Amino acid sequence: MLFLTLNLMKMDKKEFPGSQSGPQSARTNSTQIISKTFLLLMFLLSTTLGFAQQINVSGVVLDEQSEPIIGAAVKVAGQATGTITDVDGKYSLEVNANATLEFSYVGYQPMKVAVRGQKKINITMREDVRTLNEVIVTGYGSVSKKNLTTSIAKVKADDVIKTATSNMSQMLMGRAAGLQATMSSAQPGGGINVTIRGGGDPIYVVDGVVMPSSSLESASGGTTTVMPSSVNRSGLAGLNPDDIESIEVLKDASASIYGYGAANGVVLITTKKGKEGNLKVTYDGAMSYTTNYKYLDMLDSQDYMNYANTFKKELYMYKNGMGIYGGKTYDNGSADAYSASEISAATTTNWRDMILRDGSTSSHNITIQGGTPKLQYYLSGNYYYQKGSVQNSAMERFTLRSNVASQLTSFAKLTTTLNYNKNTNHNGSVGGSSNGRGSQADGSLAAAMTYLPTLPIYDSTGAYTCFLTVPNPIGMLDMTDKTLGEGFNMNFTLDIDIIKNMLKARGLFGYNRETSDRYVYIPTTTYYDQIMGQSRGSTQHAFRDNSTLEGMLMFNKGFGELMNLDAVIGMGRYVNHSNGIGVTYTDINDIINYTDLSAATGTISPSSYKTSDEKRSQFARFSADFLDKYVIAGTLRRDGTDKFFKSKKYAWFPSVSLAWKIFNEDFMKNITWVNMLKLRASYGVTGNDNLGTSLYGAYGAYNNYVEFSNNTNKYVPIKLEGEDYPNVTWEKTVMKNIGLDFSIFKDRISGSFDYFWNDITNMLGYANSNGLSMFATYPINGAHLRRYGWDASITTKNIVSKEFTWNSTLTLSHYNSIWKERMPGYDYTEYQKQKDEPYAALYFYRTGGLVNADKSNMPSYQPAAYQQPGCPILKDLNGDGKITVADVDCVNVVPSLYWGLDNNFTYKNWDLDIFMYSQLGLKKYNYINSWISPSELANQTSNESKYVSDVFSTSNPTGTKPGIAYYMANVSLPGNAGTDVGYENAWFIRVRNITLGYTFNQKNLGSLAKYVNSVRLYADVQNPFLITPFTCYDPEVYTGGNYKGGKAEYPMTRSYSLGLKFTF
Amino acid sequence: MKRNIIFAALAVAGLMLSSCENDFNAKIYGSLSTTNFPSSESDYENYMMDCYVPYCIKWTYTLSSQTHNFYVPEGSIVRLLDGTSDYCAPWVLGGSWGDSWKKLTSGSFEDMKYYTRAYSGYPEDFGKTRDVTVMTKIIGVLENAPESKLSAAKKAQFLGEARLCRGLMMYYLMQYFGPVPVIVDPAKVGDEESEKNLTRPTLDAYTQYITDDFEFAANNVPEKQSQKGRYTADYARFCLMRHYLNEGYHMNGYYQKAADLFSKFTGGYKLYTDGTNPYADQFKIAHKFNCEVIMAVSCSTGATGTGTQGNFNPWSWYFVPKASKVDPNGNPTPFYYQGGGWGQCFNIDPQYYKTFEDGDLRRETILTSYYNTQNKLVGPSDIGNLWDGYIVNKYPIETATSFQGTDFPLARWADVLLLYAEALTRAGNSVNATAIDCVNQVRARAGLAKLTSDKTSSTSNFLDAILAERGHELMYEGCRKVDLIRFGKYYTTMKAYGRTPSSEYFPIPNYAIDQATAAGSTLDQYFYTSNYDGPTK
């Protein structure tokens, strides 16, 4: 009996606040609780005693604007009986006079009302936007926001505009404070770099199952095809963004419950589930039209030929000390590369514009959702097609997802999730070359930019033209490079109530498998990698699976007013496998190509691999809430990995966190404008076992064959690949965090602020071996890195009125990483900082302006080789009158601030959302500087960009970019440090989405209302504009490339979409 | 209710037990355990084959860490010992290739101090000192192989091959840096103190390491190998002869030992003399392993530098400028099958070109003009403006494949004749008729008359003549800088060509100096021979 009372008290607290009005509800004093509990207890007792009497109850369910809520579920507590409100919000139900009615509707706080013989019960439901009770998913459980002791950022999927969003990680850009998501490729499904507080790749946990964070990709054929990889895609490619309910980002000690691999934080993804209620069918579809952002303009034929002549002469004058380069008179040497008549007769082929194109996206999504108390289901199907904005680039995806929860017996509940996806990617090539090749194996866009504009596509015989060893960009479009990906994921969760509402057991089995098949084919007609007339191809298959098996006991119990205890203990086993097989081949009929490899008459090289790894864990978690004022939570995890040797396999990962609910203190009672104020602190340890290579010594076949007699006698050497490294063990990250959560002015302003301090200790990595040991490096737990910073988020309801609302959410984050200790034997350069060196340090000599034609502005300390006109003037930072390593500047290239701002407006049935995000305070190399080379023009080895007009020369003495003397100087400055030439400020503010929508609901749908519940029409512009000082390019997409032959990135795009959403 | 709890507890306990420590070791596929390898003759042979890897022609290899193979252009003996010598003009017009090409060809080696240990495309070779340890380990394993698994004869052969490879590695490192720290005793492999010790051994000690390996190889490697390109005793003798000559100035009796080796060759070699220009013809695909070849890297046309393919020959891409396949009349140029190269990294300095006597057939392997991509003739007057030097066509483009199948010469009888002439001269400190005859044999094959009497009138005149002959005969075979140093003329000769070598040998990179200091040993960054003709640091 005592037990029952306590249990009910807990129920009371958890389930009644919705019926209360105003924010004071959570501060319900103990008298209220006791009296209400008593009433309820009496009522329940009376129920069980069985004075049963059936009556008809009816009423109307309204929202706070007194609009009827259609489709709200009304059910009798503890029974299967129930109904749904009609178009006027009305319901009617036969119930026992002593029954309790439960009202629920998505987005509203559920309510319970005792019938007590009433025949008319009208209800006003409140929208469930209150900060206090927002449920935050944590590892192995969830908690209401007011009781959260750690730093977890939540992204509600419905708040994110998902038009033209192909991947879940695109939803995170600028949305969660402390999480930095940066686009690394704009290709369809393109990669997003996600880091939590500056760490590496976080782990992704989907509905409790850890999933691989990277995309599974097969190789492109290695040295047989020399095809650039061209692939930079996000992981979780099989997860449809529309199936996501919420994303929680575990930033601090909250990640410790995922001990292993959680060193870089955890991204928890919760997918949509079935809900009790009538069948609800939703169709959401959008069509988008995509255009490229401006891309680097290349020279047309006339300009190219004129600049080639200019710089050929300039080079001659420089080499012979003529004109401004030494004073000798120009002797009219160096004939023009192109004559005036050739120049006037030349036509231009705009290769770049033949590779770039407009793209489009279409997305269709159907979801079916509903359920009874015994069975809830969610089914969705998605088709997504994106035509990339580069030739031969496209992505197509089908996904199917089902999530069914069924109450098998009174004490057992089974939840089953199945997900299937099929992705087809056409990997259009852009830049980058593989296998150390230069421009002879460029991507098509890089080739298009290199190729001379003076050349036509075809020569007089109809064959593709040739230019040096650069492949003809249009000829390259005949090559095939496609990847077929398939994924299958299932997840079973069985919950068994051992003691109802107090103790339950859960078993979870998750299995995920993916395959990737890549077909690369170069036909005989394409000149590529200096080979013409030989077909080459590669067919590669990759497979991986991972399974999770977990069992746990979950305990939840209130001990009166004093304490509420929530605890979990469990254990798990995690097994990953991967394997692959592939064949590269040459000389096959172009029509047969990869469909029948036995037809290949050239070299056929097979390859295969296989790996597996396993982890085993035991874990426990508890949280206790004392007096509704103090919360203490702790986790403990013991993880073992097969990677380490016997005594080093296991490690403990503890965490503890505290929260002080200041707003529940007595002294806060009269401060009514504060709805919530909470201070929290956490400390936790997470780990990492992933070194990427084996720690066990072994011999392996060495793929560097030794061959004799015209390569007809072959030996496959066997090589000692490593020694045993039994001392290597877990890397540990100690995470500390202090945070404040608040909500004031009737929840009009709410938010949180966190300061963190993470130490990555015993870092797993490689140190330089002793000078003469057999292996240059050896694995070790060595270095120590510190990351620190802060993040904040603020949500405001700026205007709340019946017809017009305006809400804003601002996220801010900043982090920095510094080395506290390097690996033993680390090689420092002369100029490198040895104490507290920034992790992202960039060293260079500062420059200011160029040496002018008469050298009048050249300082006396200018190094000898830079003393020619057109060379950058170095800055003597320490003012000692000479250039030494002391003048090298260290720049930390971490952005000083990331921010994201979402503004949402509604006016009657209109809604408008404007979302922007930004990175401030960073420098990046701009690779337009790789496309203005005067020496390439002088030698006519490449076309260059229009920015050549900024290059200094005799005829352009006011040019701002270094001239030929700089390119020919090839000088090493002291310490071999570089200069800041080419680096630019790369801050940006991007408006990511502007979305305008109009919703037809039951009121204004007119005659359609009979068939459709609501219709929403919307228009969206993605990436409408960008504010940045960075020249020409988008600074967000990686721009560091200055490698041989590469120098071209997938262009950033802008999408215009129209969408339609029906709910039936 | 109680029963439920018990069930749950049992279930959890069961799961816990089943998922604990048992059978929880790393699963590694595709490799062989250290406990059961090597266990057969073919295991030992395949293990020994590691030692050949640096001498295959691939882009790079990794025994200890990633580095260039010895005969591949980007990091080869040609780049480091020919490109840095008198006959290669500095490659100034390199465009985007970066400054290391220009600097090395100008004799400016100072930047090599900044080379890092992580592979970044530079010819960083000091890291190969670890490869010596790898080979020493293999030699130790071979020495300890039980007779039951490896016959004595095969053991001797494999050990001979492994030691020849190790000797060559130490030999080449010496030509780059002078004596470098190495581990040659298998018992010291894995020993912390020995592996830490980065002090340079004495010149005599290091010389002896190389001599020991080459002498062992000359006595144990088979006289004949059925597989072309696999090392023979004669190749060991050739290596030994060269080594004796190089080090004779500080090792007693080495000159005589070099001279004595001449009669030990068993292969019956003679100069190749067929055709109108036998000198040029001997390098062509049709005449692989001709009567003059003691050893060469056997290449084929199908290979492209990939590890899983055999040896390839990419030299034409580094010798030929941006040239046209056809002349303005549509007739094929010497580059018809390939077109222009990537960059003319290696060339013949026009000033050096003039040192050839008229009628020298060897000069015909140098092209002094070409048609550029605009099909305009580029000739000697464009030197310094459109190109830096003439085209080396010694390894001509013969096939329409990405890379050529031409073998890379390692040891030729012409070289042995010149080495022998030099050894006789140095050993006796006089000019004798046999020596003169050896040189004249080589000259005759090149279409030249016998040496005039002024060239043989004194030891020093004759040695000068031998040095000049070696330059013409062996250009771009990877030994010019070694020769110039042996003759004590590296600095003076380079100065005469307008280049100033920044040091005699290459500086050891800073990373190694710092590591040595941290380990408590002293590693001198520069090494100079006692008879160096230039300034020292």
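Predicted model: local features only at pLDDT ≥ 70, side-chain atom pairs only at ≥ 80, totals over all residues.
Residues are numbered from 1 along each chain as its sequence is written, chains are lettered from A and ligands numbered from 1 in the order in which they are written, and side-chain values use heavy atoms, with hydrogens and water left out.

Asp902(A) lies in strand S45 (residues 897-907) of chain A; helices (H or I, at least four residues) and strands (E, at least two) are DSSP runs numbered from the N terminus. Its side chain makes a polar contact with the side chain of Arg175(A) at 3.2 Å. A polar contact is a pair of N or O atoms within 3.5 Å; within protein, one must be able to donate a hydrogen and the other to accept it, and residues adjacent in sequence count only if both atoms are side-chain atoms. Beyond neighbours within four places in sequence, the residues in contact with Asp902(A) include Asp159(A), Asn807(A) and Phe915(A), contact meaning heavy atoms within 4.5 Å.

Between the chains, 100 residues of chain B are in contact with 89 residues of chain A. The buried area is about 7900 Å², with 54% given by carbon and sulfur atoms; this is the accessible area (1.4 Å probe) that two parts lose on being put together, summed over both. Across this interface, 37 residue pairs are in polar contact, both residues being at pLDDT 80 or more. H1(B) supplies seven residues, the largest share of the side of chain B that touches chain A. Two salt bridges are found across the interface, a salt bridge being a side-chain nitrogen of Lys or Arg within 4 Å of a carboxyl oxygen of Asp or Glu. Asp388(B) forms a salt bridge with Lys319(A), the closest N and O atoms being 3.6 Å apart.

Strand pairing also links the chains: strand S30 (residues 698-701) of chain A and S1(B) run antiparallel and are joined by three bridges, where pairing requires at least two bridges found by DSSP. Gly700(A) stands opposite Ser31(B) in S1(B).

Within chain A, an open sheet of three strands has the order S44-S41-S48, with mixed pairing. Strands S44 (888-892) and S48 (978-979) of chain A each have a single partner strand, so one side of each is left without a neighbour in the sheet.
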